[in-house]
Amino acid sequence: RAESLDAALDQLGGLLKDIGAEQVVANDESPLSEVDLAARYEDSNWHVVGRSDGDLRAFCAVADAGVSGVSAALVETGSLVVESGPGKSRLSTLLPPVHVALVPESKLTTDLHTWTAARSGDIATNVTVISGPSKTADIEFTLTLGAHGPKRLVVILYRD
């Protein structure tokens with residue numbers, strides 16, 4: 001938890017340093033779109049979806065972390081709702097081994113039904129509900145983390 005967006009961004013910087021993140025991809029969405037990520041985190045090379053040049057897929061394949069905002073945080077299940085769209089790629093949240101979500105308290109909602117009922121406008125082509133790191137046990141009943149997405153999920157909840 002963080003008391004403000006600035007404190008959340010400080011926590012993000014500490015986390016990226018702790019995991020040795022050199023390549024980081026970020027969705028161009030609130031609150032990330034208001035921050036000069038490359039200037040704030042000089043130790044990392046950043047690719048911002050929709051703003052940075054180069055092949056997004058290739059960058060995500062070697063990225064150490066992906067950073068995003070969320071459309072909602074579901075209190076009932078502790079899940080995050082992440083939507084794709086302009087500046088918001090599924091690759092940035094699913095391909096790097098670590099996904100960091102910055103979640104303002106205003107995005108907290110009771111459950112998926114409450115979030116859906118309160119929405120207006122068209123729904124995104126892709127909506128992902130994330131309840132933790134990717135895991136599977138379908139091969140010889142052995143639990144494997146990171147098989148179909150990030151191996152680690154970090155949520156930074158901040159007061160907005």
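Asn27 counts as buried because its relative accessibility is 1%, where buried means under 20% relative accessible area, exposed over 50% and partly exposed in between, with a 1.4 Å probe and protein chains only. The model is a predicted one, in which local features need pLDDT of at least 70 and side-chain atom pairs count only at pLDDT 80 or more, while totals for chains, interfaces and linings use all residues. Residues are numbered from 1 along each chain as its sequence is written, and side-chain values use heavy atoms, with hydrogens and water left out.

Asn27 is located in the loop between strand S1 (23-26) and helix H2 (37-40); helices (H or I, at least four residues) and strands (E, at least two) are DSSP runs numbered from the N terminus. The side chain of Asn27 reaches the backbone nitrogen of Ser89 at 3.0 Å, and a polar contact is a pair of N or O atoms within 3.5 Å; within protein, one must be able to donate a hydrogen and the other to accept it, and residues adjacent in sequence count only if both atoms are side-chain atoms. With residues up to four places away in sequence not counted, Asn27 touches Leu32, Val49, Val67, Ser68, Gly87, Lys88, Ser89, Ser92 and Thr93, contact meaning heavy atoms within 4.5 Å.

Strand S1 belongs to an open sheet of 5 strands with parallel pairing, in the order S2-S1-S3-S6-S11; two strands pair if DSSP finds at least two bridges between them. The edge strands are S2 (45-48) and S11 (152-158), each of which pairs on one side only. Neighbouring strands of this sheet are turned by 20° against each other on average, direction ignored. S1 is joined to S2 by 4 bridges, the two running parallel, and Val25 stands opposite His47 in S2. Between S1 and S3, also parallel, there are 3 bridges, and Ala65 in S3 is the bridge partner of Val24. S6 (residues 98-104) runs parallel to S11 and is joined to S11 by 7 bridges; Pro104 has Tyr158 in S11 as its bridge partner.

Helix H1 (residues 5-18) lies across S1, S2, strand S3 (65-68), S6 and S11, running at about 155° to S11. Axes are lines fitted to C-alpha atoms, for helices over the stretch in contact, and angles run from 0 to 180 degrees between N-to-C directions. H1 also gives the most to the lining of the largest pocket, with 3 residues. This pocket is lined by residues including Gly13, Leu16, Lys17, Arg40 and Asp43.

A second open sheet has 4 strands in the order S7-S4-S5-S8, with mixed pairing. Strand S7 (108-109) and strand S8 (127-130) each have a single partner strand, so one side of each is left without a neighbour in the sheet. S4 (residues 72-74) and S5 (residues 79-83) run antiparallel and are joined by 3 bridges, with Val81 in S5 as the bridge partner of Ala72.

Trp115 lies in helix H5 (residues 112-118) and counts as buried because its relative accessibility is 10%. The C-alpha atoms of Trp115 and Ala72 are separated by 7.2 Å, although the two are 43 residues apart along the chain. Neighbours within four places in sequence left aside, Trp115 is in contact with Ser71, Ala72, Leu74, Val81, Glu83, Thr109 and Val127.

Technical notes: 1 Å grid on protein atoms, 1.4 Å probe; cavity = no way out; pocket = protein on both sides within 12 Å on 5 of 7 lines; lining within 4 Å.
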